[in-house]
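The entries follow the order in which I looked things up.

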Amino acid sequence: MDNSTIIDAQKVFLADQEQQWIKAAQQGDQQAFHHLYQQHHRRVYALCWRMLADKNSAEDVCQEVFVQLWQKIANFRGESKFTTWLHSVATNIVLAHLRKQKNWLQRVFSIEDQPQAEDSAEMPELHELDKQILKLPERARLVFVLFAVEGYRHEEIAKMLNMAVGSSKAQYHRARSLLKEWVEE
């Protein structure tokens, strides 16, 4: 048996195991839900951190994602991959969190010149690109993460962030230009 066959067998086993955990969690099995949490919390936290660029907010929102996941897991019908559904839930919760903040309209509809990120030195495990993403202005960061990292289309992003499709594309290009400039420094 070669390594690729072993790796493929492991992937199938993990996918089957995840499906069992999902079904058990849908029936109220807390241990199965804990396994799902262990498997996915780092990726969800990374998404929250990239979008919010704030450690405390990312921790709070990540926790909220899993609270809501527990409440809504019965709604997962398996029409998409679980990770796709989970990231959609997480993205919606992050955006709802941003909307709740006091200055939502001012922050989203103004063109900000000041980066919103806190000191990324608090997260030593972040890759250099992640550190640069955290320095992006909020709108550019949100669009960049949703498009380049999470794979949403500009039409979807425009609806999520209540902006024109052209604005989403412009913010993405703004983010790319800034990142390119910063990386080349």
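I began with Leu 161, which lies in helix H8, residues 154–161. Helices here are DSSP runs of H or I with at least four residues, strands are E runs of at least two, and both are numbered from the N terminus. I noted that this is a predicted model, in which local features need pLDDT of at least 70, side-chain atom pairs count only at pLDDT 80 or more, and totals for chains, interfaces and linings use all residues. Residues are numbered from 1 along each chain as its sequence is written, and side-chain values use heavy atoms, with hydrogens and water left out.

I then checked the burial of Leu 161: its relative accessible area is 3%, so it is buried (under 20%; exposed is over 50%, partly exposed in between; 1.4 Å probe, protein chains only). I found 8.5 Å between the C-alpha atoms of Leu 161 and Val 143, which are 18 residues apart along the chain.

For Cys 48 I listed contacts (heavy atoms within 4.5 Å), leaving out residues up to four places away in sequence: Ala 53, Ala 58, Val 61, Cys 62 and Val 94.

Lastly, I recorded that the chain has nine helices and zero strands, and that 41% of its 185 residues count as buried.
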